[in-house]
Amino acid sequence: MSSQTDLFYNISSVSTKQIISIDDGIIILYEHFFDTKESDRILKDLTDQIDWSQEYIKMYGKLIPIPRLTAWYGDEDRSYIYSGIAMNPKAWHPILFDIKNRIESVCDRAFNGVLLNYYRDGNDSVSWHADDEPELHKNPVIGSVSFGGTIKFS
């Protein structure tokens, strides 16, 4: 595993900051926040080192697997519930802690947890949703980073 000092070495690779207005908030987009070499290494490390789980939700009286793997890491006291799934945080993994610090350096916010989603192939997905759980409070700030394939938020 890479150490904290050599995992993120190129913060100047952030290309541009775009501010996008949406109906009930704003999106601040940094394209190429992590360069390609960095992203590939981080994706491999996350895939190999994160304690992924297959969660299930109840629909129409049946338990069905959520079409992706998930993991919740964060501060000790930051449990999280979504879609009826209670998640207790695992301690910050060094890779996640480095990503968190990197994001915090440009957004002037402190994050206390991260929900990771691992989309294994074209069959995994997440449907359109609102991050409006009570734990997030009103007008939450969410840092979202994608490694691997690109995704369109629409």
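# Terms and values in a predicted model

Analyst: Just after helix α3, residue D108 takes a positive phi of about 55°. The model is predicted, and the discussion below sets its computed values against the terms used for them.

User: Which pattern does the chain follow when read along the sequence, and how many helices and strands does the chain have?

Analyst: There are 3 helices and 8 strands. Read along the sequence, their pattern is α-β-β-α-β-β-β-β-β-α-β. Of the 154 residues of the chain, 28% count as buried. Where contacts join residues at least 6 apart in sequence, 54% of them link residues at least 24 apart.

User: What makes up the contact of α2 with α3, by class?

Analyst: On the α2 side the residues are E38, I42, D45, L46 and Q49, and they meet I95, L96, I99 and R102 in α3. By class, this contact has 5 nonpolar, 1 polar and 3 charged residues. As a general point, an α-helix has 3.6 residues a turn, so residues three or four places apart point the same way.

User: How do you know that the reach of α3 is close to the expected value?

Analyst: Helix α3 has 14 residues, and the distance from its first C-alpha to its last is 20 Å. The expected span takes 1.5 Å times one less than the number of residues. For α3 this expectation is 20 Å, and the reach of the helix is close to it.

User: Which residues of α3 are buried, and why does R102 count as buried?

Analyst: The buried residues of α3 are I95, L96, D98, I99, K100, R102, I103 and E104. R102 lies in this helix. The term buried requires under 20% relative accessible area; R102 is at 5% and therefore counts as buried. The C-alpha atoms of R102 and F34 are separated by 9.7 Å, although the two residues are 68 apart along the chain.

User: How do you know that β3 and β4 pair, and in which sense do they do so?

Analyst: Two strands pair if at least two bridges are found between them. Strand β3 (residues 56-59) and strand β4 (residues 62-65) have 4 bridges and pair in the antiparallel sense. In one of the pairings, I57 has I64 in β4 as its bridge partner. The hairpin of β3 and β4 has 2 residues between the strands.

User: How many bridges join β1 to β2, and which residue in β2 does K17 stand opposite?

Analyst: Strand β1 (residues 16-22) is joined to β2 by 7 bridges, against a requirement of at least two. The strands run antiparallel, and K17 stands opposite Y30 in β2. Together, β1 and β2 form a hairpin with 2 residues between them.

User: What is the phi of H32, and what is the phi of Y60?

Analyst: H32 has a phi near 60°, a positive value in a residue other than glycine. Y60 is likewise not a glycine, and its phi is positive at about 55°. H32 is placed in the loop between β2 (25-31) and α2, whereas Y60 is in the loop between β3 and β4.

User: Why does H32 count as exposed, and why does Y60 count as exposed?

Analyst: Exposed means over 50% relative accessible area. H32 is at 58% and therefore counts as exposed. Y60 is at 80%, so the term exposed applies to Y60 too.

User: Why does G113 count as partly exposed, and why is I66 called buried?

Analyst: The limits are under 20% for buried and over 50% for exposed, with partly exposed in between. G113, in strand β8 (residues 113-118), is at 21% and so counts as partly exposed. Leaving aside residues up to four places away in sequence, G113 touches W72, Y73, G74 and W92. I66 is in the loop between β4 and β5 (69-74); its relative accessible area is 5%, so I66 is buried. From C-alpha to C-alpha, I66 and Y56 are 5.4 Å apart in space and 10 residues apart in sequence.

Notes
Residues are numbered from 1 along each chain as its sequence is written. This is a predicted model: local features need pLDDT of at least 70, side-chain atom pairs count only at pLDDT 80 or more; totals for chains, interfaces and linings use all residues. Side-chain values use heavy atoms; hydrogens and water are left out. Contact means heavy atoms within 4.5 Å. Ala, Val, Leu, Ile, Met, Phe, Trp, Tyr, Cys and Pro count as nonpolar, Asp, Glu, Lys and Arg as charged, and the others, Gly among them, as polar. Buried means under 20% relative accessible area, exposed over 50%, partly exposed in between (1.4 Å probe, protein chains only).
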